Amino acid sequence: MRNDPVVVIGLGRFGTALALELTRRGTEVLAIDNRPKVVQALSGQITQIAAADSTDLESLTQLGVPDFYRAVVAIGSDLEASILTTSLLVDMEIDDIWAKAVSRQHGQILSRIGCHHVVLPEHDMGERVAHLVSGRMLDYMQVDAGFALAKTRPPKDYVGIRLGASGLRKKFGVTVVAVKSPGQEFTYATADTELTYGDVILVSGRTEDVERFAELP
């Protein structure tokens, strides 16, 4: 991903966390919110911050928003403001527009008006936690529609067996990507890697295959 400056519009919990993390990573950020108190509280913590109405074309133009390559609309509760702001960014021909949606319907509208990436933080986090609560996974990430990456423990029946001889991919449709032994860092798994008790493994594959594999004792 290009390390271009980013404009973040809307400084609720999601937008604030995003703007602060981008700033911490060395990305130049222009943060915009229509609440002066919120802007004042974050002043000095973000590269550039301004109080403005993001649904007003003139305000965005004066702040130089059309010159940005990437923009994030982090407005959640005010659907009208979210949609209008995103629409203005599309009209400005911003190359890479991300927007937070509070529902699938909201996300569909954002996509239809030209948003390139729709984020559903609450839904995505709820789905992730559901996987962690209901099974043996230590962590879980939906990489794409129908494809997932999970952190879990090796099933006991495959401990002490070389991955190349285990038949995991053929039997379960998953690939062990990396292995972390106790006290060590993650290393890429190879056909000669032998899993041991106490290991943590990263497994990738179709979502249903990863889920099925992670349920093995």
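Thr207 counts as buried in this predicted model, because its relative accessibility is 11%, under the 20% cut-off that applies to buried residues. The place of Thr207 is in helix α9, which covers residues 207-214. What surrounds Thr207 there, once its neighbours within four places in sequence are left aside? The contacts are with Tyr140, Gln142, Gly146, Phe147 and Ala148.

Two of these names lead to other parts of the chain. Phe147, a contact of Thr207, belongs to strand β8, which spans residues 147-152. Phe147 also takes part in a nonpolar patch on the surface, together with Met141 and Val143. The three residues of this patch have about 270 Å² of accessible area together. Val143 lies in strand β7, made up of residues 139-144. With a relative accessibility of 47%, Val143 counts as partly exposed, since the value falls between the 20% and 50% cut-offs.

Attention now turns to strand β11, which covers residues 200-206. Is β11 enclosed or open to the outside? Five of its seven residues are buried, so the strand is largely enclosed by the rest of the structure. Strand β11 pairs with β8 in the antiparallel sense, over six bridges. Within this pairing, Ala150 has Val203 of β11 as its bridge partner. Strand β11 also pairs with β9, which holds residues 174-180, again in the antiparallel sense and over six bridges. Here Thr175 is bridged to Ser204 of β11, while Val174 stands opposite Gly205.

Strand β9 has a further antiparallel pairing, with strand β10 (residues 187-188), and this one runs over two bridges. Ala178 finds its bridge partner in Tyr188 of β10. How many residues lie between the two strands of this hairpin? There are six residues between β9 and β10, and among those in the turn is Gly183, with a positive phi of about 80 degrees.

Glu93 is exposed, because its relative accessible area of 64% is over the 50% cut-off.

The wider view gives these local details a setting. The secondary structure of the protein comes to nine helices and eleven strands. Along the principal axes, the C-alpha atoms fill a box of roughly 65 × 35 × 30 Å. The radius of gyration is 22 Å, whereas a compact globule of 217 residues would have one near 17 Å. Of the 217 residues, 40% count as buried. As for links between parts of the sequence, contacts between residues at least 6 apart can be considered, and 53% of these join residues at least 24 apart. The protein exposes about 12200 Å², and carbon and sulfur atoms supply 52% of that area.

How values were computed: Residues are numbered from 1 along each chain as its sequence is written. This is a predicted model: local features need pLDDT of at least 70, side-chain atom pairs count only at pLDDT 80 or more; totals for chains, interfaces and linings use all residues. Side-chain values use heavy atoms; hydrogens and water are left out. Patches are made of residues with over 30% relative accessible area and no salt bridge: like charges are joined within 9 Å, nonpolar side chains (Val, Leu, Ile, Met, Phe, Trp, Tyr) within 5 Å. Accessible areas come from the Shrake-Rupley method with a 1.4 Å probe; for residues, only the protein chains shown count as cover. A salt bridge is a side-chain nitrogen of Lys or Arg within 4 Å of a carboxyl oxygen of Asp or Glu. Helices (H or I, at least four residues) and strands (E, at least two) are DSSP runs, numbered from the N terminus. Buried means under 20% relative accessible area, exposed over 50%, partly exposed in between (1.4 Å probe, protein chains only). Contact means heavy atoms within 4.5 Å. Two strands pair if DSSP finds at least two bridges between them. The radius of gyration is taken over C-alpha atoms; the globule rule is 2.2 Å times the number of residues to the power 0.38.
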